[in-house]
Each structure stands twice: as C-alpha cells, then as structure tokens.
Amino acid sequence: MASSLLCSITIRSLLVLLLHLSSLSNYLAAKHNQHGYHRHRSHNHSPTSNQRLHQAYIALQAWRRVIYSDPNNFTTNWVGPDVCSYKGIYCAPAIDDPKVRVVAGIDLNFADIAGFLPNELGLLSDLALIHLNSNRLCGIIPQTLTNLSLLFELDVSNNRFVGPFPSVVLSLPMLTYLDLRYNEFEGPLPPQLFQKKIDAIFVNNNRFTSAVPAFLGGTSASVVVIANNNFKGCLPPSIANLADTLEELLLINTSLTGCLPPEVGYLYKLRVLDVSHNKIVGPIPYSLSGLAHLEQLNLAHNLMTGIVPQGVCILPNLANFTFSYNFFCEEEGICMNLTSKGIKYDDRRNCLPEKPLQRSQKECNDTLEHPVDCFQECCVASEGGGAFGRATPFAPALVPAATPLLSPSLAPSFP
C-alpha cells in the first residue's frame, strides 16, 4: 500500500512540475530512465562559458571536500568543470533560458556516503529535485537552501541529520514532497508545515516532541506520516481540514492520549488509518462508518473501550481491521465474524466474553469500572508562534462542505 502510494505521489509531483516548469520536461522524463538521460547530457559547457554551471561547480566541489566516506565511489568522477557528467548530478535547460543548461537534480539515493551538507549548496538555485535517501549524512540542513526556489521534491530520509525541524523547508515555494524520516530531528513540529501545499509529509522516526499542532489546515497532503515520535497530547479536531486530500494517516507510536476525535470520520478519502501503539481512550467514533474508501484500520495497543460498531465492520472496502490490545467489551453484528466478509482482523486481548485470548476479568473490570466521557475530555495542544510550546485548547475544525457522516449503507458510493 505505502509503496504504491509513494509511486503515485512521485508521478503526481512530476506532473505538477511539468505544468509549472515546462522547460524541465526533458529532465523529468529522463528521471524515469536514467540511461536515456545520460545520452542527452551536454558536455559542451565549461564554467567559463556558463555562469550557472560555474556556480554549480563551486557548490559541488565544496560538498566533495566534506564527504569523508564514499565506499561506492559515487563522487569519484566529481573532478573538473563538467558538472553535468558527475555521477548523480542531472542537468536540464534553464526555465528562464532554454539555451542555458543548469544543474536541475541531485540523486544520491543509497550511495552510503558520509559527510555533511555545506552552505554552498545554496548556489544550486536551479535545483528541482534532491534525493539523498539512505546515506550517512549528518549535521543540520543548511539555511542557504532557501535559495532553491524551484525545489519541488526533497528527500533526506534515513540519514543522521540533527537539530530542530529544518525551518528552511517552509520557505520553499514549490515544495510538494518532503521526506525527513529516519533522522535525529528533535523539538516541536511547526504548524506552518501543515499549511503548505505539500502532497506528502514524512517526518516519522525522528525525535520530535511537544504536541501535534492544534491547527491543521491549508496543506494538500494525501499522505501524512508522523509515526514513532514523542508528541503526546491529542489528535486535534482540525484534522478534518485535510478531508479533501488526505488518503493515508499514520500516527503509530506517537504517545497520543485522549479520545479519537469524531472529526477523523470527516476524512472521506481516507484509505489507511493507523493510530496503533498509543494511549488513546474512549470508544471508536461512529463517524468512522462514513469512510467508504477505508481499506486498513489499525487501533491496536491503545486503551479504547466500548463496542466495536457494525458500521465500521461493513465498510465496503475494508480489508484489514486490527483492534487488539484494547478493552472493547462487545462486537456488534457482523463484527463478531469478520472472516465471513473476507476481512483480516485481530481482536485479541480485549474484554470480549465469547472470544479466546482475551484479557483477564480483573484487567477488564479495573478499566471498565472507570468509563471515559469523551465529551468531558479536555485536550491541549501546541499553538503556533514562537517556540510552538504554549498550551491552548483545541479550536473547532472547519467541517468540509460534503462531510460523509452516514453509515455506509446510506452514504453515497464513491468510484
């Protein structure tokens, strides 16, 4: 699921760039065919004849000097002024002057190089794409990247970057794909991140703390993954503001507390929802019964109680429903026999009296004797501004105009 969605995101991002940066079309087409791209490289520009390639030469040589390990020899041929022949460096016509070639892309995925990013990378002002996945790069993301006004895809995942959230990405006007996962970034997430027109936001497996920003709105993300951080606090009702685009929401192991807000049910395009391994309490919101596209639902390893509603179990596209390791005490209707619908499920370690592998009576009584009233639950979250640390009550969400709140049997079908 995730890999196919990543593929579709990349294709969409390429189409966006084709629309907005038509002069880079040769580069973008070649991105899917690296050998074909090499055939179209130009070897006729020297730093003396092309000022932009000269700037790129300065930047890439500065970078080469701070690459301390290159076991696969990715940068061995980074010698001389012909930067368009460097391995992992891709050139294309400039958008403002197609007769001038510029460095338009860097792809060093899986190169296993060690070093850091120098400030001189800000000289690469024509870059549209940076892929640095799976290396040993460390330090911070340089603020000089603010000069990359054409950058639409930034992937620095699976490295050793540190420091607070790299605020420079918030200043990139064309950015549509952001992947910061598997690094050592720390501190709060800026609310501004969720107000940018970004197709995909991956910030999972870092050291982010504080709370999920109270106001989520303005982003066009179809995928939001903030799993395996330490946010705490509740999921804000403003999650509903992502209803028109959001298809995957993964909040695994983020120390979320409080009740799951009913506004999650407003995310009518959602196909994957995973809030497992948190401390969420209260019942399953019945509003989830309106998620007609939902394929995977994982509520496992929380403190949720009440019944498992039939409205969720009869969702037309549901293929996998995991609600193990909670305190549910009843399965409604068809939920008692999901195998009859061909749905993979896991209901272990709950308080279901007629099912095997459940919690002890004592465990169940200790929890069920203290029911949670989600209407009385008061949550706080991080408010925007400054260090993003001031606690503020959640504001109400802006409910989408066409929010599906009906059960699947009554809700309109979607193609």
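Is Cys329 buried, partly exposed or exposed? In this predicted model, Cys329 is partly exposed, at a relative accessible area of 31%. Cys329 takes part in no disulfide, and the nearest cysteine sulfur, that of Cys351, lies 7.4 Å away. Since a disulfide requires sulfur atoms within 2.5 Å, the count for the model comes to 4 disulfides.

**Disulfide Cys259–Cys374**
- The sulfur atoms of Cys259 and Cys374 are 2.0 Å apart, and the two residues form a disulfide.
- This link of Cys259 and Cys374 is left-handed, with -90° about the S-S bond.
- Cys259 sits in the loop between β14 (248-250) and β15 (272-274), and Cys374 in the loop between α6 (361-368) and β22 (380-382), so the pair ties together parts that are 115 residues apart in sequence.
- Cys259 is buried, with a relative accessible area of 13%, whereas Cys374 counts as partly exposed at 27%.

**Disulfide Cys313–Cys335**
- A disulfide joins Cys313 and Cys335, whose sulfur atoms are 1.9 Å apart.
- The disulfide of Cys313 and Cys335 is right-handed because the torsion about its S-S bond is about 115°.
- Distant parts of the chain are linked by this pair: Cys313 belongs to helix α5 (residues 310-313) and Cys335 to the loop between β20 (327-331) and β21 (344-346), 22 residues apart.
- Cys313 and Cys335 are both buried.

**Disulfide Cys351–Cys364**
- Cys351 and Cys364 form a disulfide with their sulfur atoms 2.1 Å apart.
- A torsion of about -100° about the S-S bond of Cys351 and Cys364 makes the disulfide left-handed.
- The pair links distant parts of the chain, with Cys351 in the loop between β21 and α6 and Cys364 in helix α6, 13 residues apart.
- Cys351 is buried, as is Cys364.

**A further cysteine**
- Cys138 counts as partly exposed, at 34% relative accessibility.

**Open sheet**
- Six strands, in the order β1-β4-β6-β8-β10-β12, make up an open sheet with mixed pairing.
- At its edges stand β1 (67-69) and β12 (207-208); each has a single partner strand, so one side of each is left without a neighbour in the sheet.
- Strand β10 (residues 184-187) runs parallel to β12 and is joined to it by 2 bridges.
- Arg207 in β12 has Glu186 standing opposite.

Methods. Residues are numbered from 1 along each chain as its sequence is written. This is a predicted model: local features need pLDDT of at least 70, side-chain atom pairs count only at pLDDT 80 or more; totals for chains, interfaces and linings use all residues. Side-chain values use heavy atoms; hydrogens and water are left out. Two strands pair if DSSP finds at least two bridges between them. Helices (H or I, at least four residues) and strands (E, at least two) are DSSP runs, numbered from the N terminus. Buried means under 20% relative accessible area, exposed over 50%, partly exposed in between (1.4 Å probe, protein chains only).
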